[in-house]
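Here is a brisk report on one protein fold. It moves from the overall layout to the sheet, then to the helices.

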Amino acid sequence: MNRIDLSGRTAIVAGGAQGTALAVAQAISASGGNVMLAMRSQEAANAAAATLGGNAVGVAARAVDQAAAQRCVEAAVDRFGGVDILVNAFGNNHAHGRVVDQDYLRFTKTFGVNLWAPILWTSVVTRVWMSEHGGVVINTLDGTGPAGDRGLYGASNAALIQLTAELAVELSPTVRVNAVAVGIAGFEHAGSATTLTRTGEADEVGDVVASLASDAESWVPGQTLVFACGCGRSRPHAVGSSRCGPVDVRNTDGNTPHSSSSR
């Protein structure tokens, strides 16, 4: 039995048509919420929305296109009457190799999608709806520790954690902002790194995000919840803003490998 109630609420899930983003959209839909899926391809958006049923619609929107973000938010307001939840599920993970070997183009592409896009979409949804009516913003990222040969990606994740804390302060108390670090979900070879001896599944991540968007977690602002990482291999560390309430520490392992982005 699903105990998360998002009946009558509308969510925009922006950034992907599969993996974590789709699982989040499915969990919100299963909890009674309306869903607008925003992704690069209209065809992919339509296909993903079709898996959710009649309370979902897909729209084409590139991550850093401000006009597209504006159209998407306005379309959600027109169709569903408002936007109660924004899930920023963006991810660019193509800058492989050592950080010192990267170039400016790969830097701007990585940080543009992983950091600027959440700022852009949060800004638009705040101006159009949430500043007056309230709402919840949830950022998703992959892991919290060093990212090996994807150092720029790891750095953008760290910046997104700080951004989440900053936005939580700036937009409180009207808009509640948090993040979920997916960690090693989906890595079959990494099961031995977790205390549960298995990896997290996408639908489990979706349930966590849906719960965080609901009234059940209304007293959780400015935090990054670390999901599906092992806690026995290194000292746990807290991630989040100490200015916004108690920091949540959930199975954190800075040495856990990172999944490739499906956001």
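The secondary structure of this predicted model comes to six helices and seven strands. From the N terminus on, the elements run β-α-β-α-β-α-β-α-β-α-β-α-β. The protein has 263 residues, and buried residues make up 55% of them. Take the contacts between residues at least 6 apart in sequence: 69% of these join residues at least 24 apart.

**The sheet**

The seven strands form an open sheet. Their order is β3-β2-β1-β4-β5-β6-β7, and the pairing is parallel. Two strands sit at the edges: β3 (56-60) and β7 (224-226). Each of these edge strands pairs on one side only. From one strand to the next, the twist averages 20 degrees.

Strand β4 covers residues 85-88. Ile85 and Val87 point one way from the strand, while Leu86 and Asn88 point the other way. Are these residues buried or exposed? All are buried.

In the sheet order, β4 stands between β1 and β5. Four bridges join β4 to strand β1 (residues 10-14), and the two run parallel. Across this pairing, Ile12 stands opposite Leu86, and Ala14 stands opposite Asn88. On the β5 side, four bridges again join the strands, with β5 spanning residues 135-141. This pairing is parallel too. Here Ile85 stands opposite Val136.

What kind of unit do β4, helix α4 and β5 make? They make a right-handed β-α-β unit, with α4 covering residues 104-133.

Helix α5 (residues 151-171) lies across β5, β6 and β7. Relative to β6, α5 runs at about 165 degrees.

**Helix against helix**

Two packed helices are described by the angle between their axes and the distance between the axes. The table gives both values for two pairs.

| Helix pair | Axes come within | Crossing angle |
|---|---|---|
| α1 (residues 19-30) and α6 (residues 202-213) | 7 Å | roughly 55 degrees |
| α3 (residues 66-80) and α4 | 9 Å | roughly 40 degrees |

Begin with α1 and α6. Their axes cross at roughly 55 degrees, so the two helices are oblique to each other. The crossing is right-handed. On α1, the contact is made by Gly19, Thr20, Ala23, Val24, Ala27 and Ile28. On α6, the contact is made by Ala202, Asp203, Val205, Gly206, Asp207, Val209 and Ala210.

Now α3 and α4. Why is α3 oblique to α4? The axes cross at roughly 40 degrees, and angles under 35 degrees would count as roughly parallel, so this pair is oblique. The crossing of α3 and α4 is right-handed. From α3, the contact draws on Gln66, Ala69, Gln70, Cys72, Val73, Glu74 and Val77. From α4 come Leu120, Trp121, Val124, Val125, Arg127, Val128 and Trp129.

Note on methods. Residues numbered from 1 in each chain as written. Predicted model: local features only at pLDDT ≥ 70, side-chain atom pairs only at ≥ 80, totals over all residues. Heavy atoms only, no water. Buried < 20%, exposed > 50% of the residue type's maximum accessible area, 1.4 Å probe, protein only. Pairing = 2+ DSSP bridges. Right-handed = clockwise from strand over helix to strand, strands pointing away. Axes fitted to C-alpha atoms, helices over the stretch in contact; angles between N-to-C directions. Parallel < 35°, antiparallel > 145°, perpendicular 65-115°, else oblique. Left-handed = near helix turned anticlockwise from the far one by under 90°. Contact = heavy atoms within 4.5 Å.
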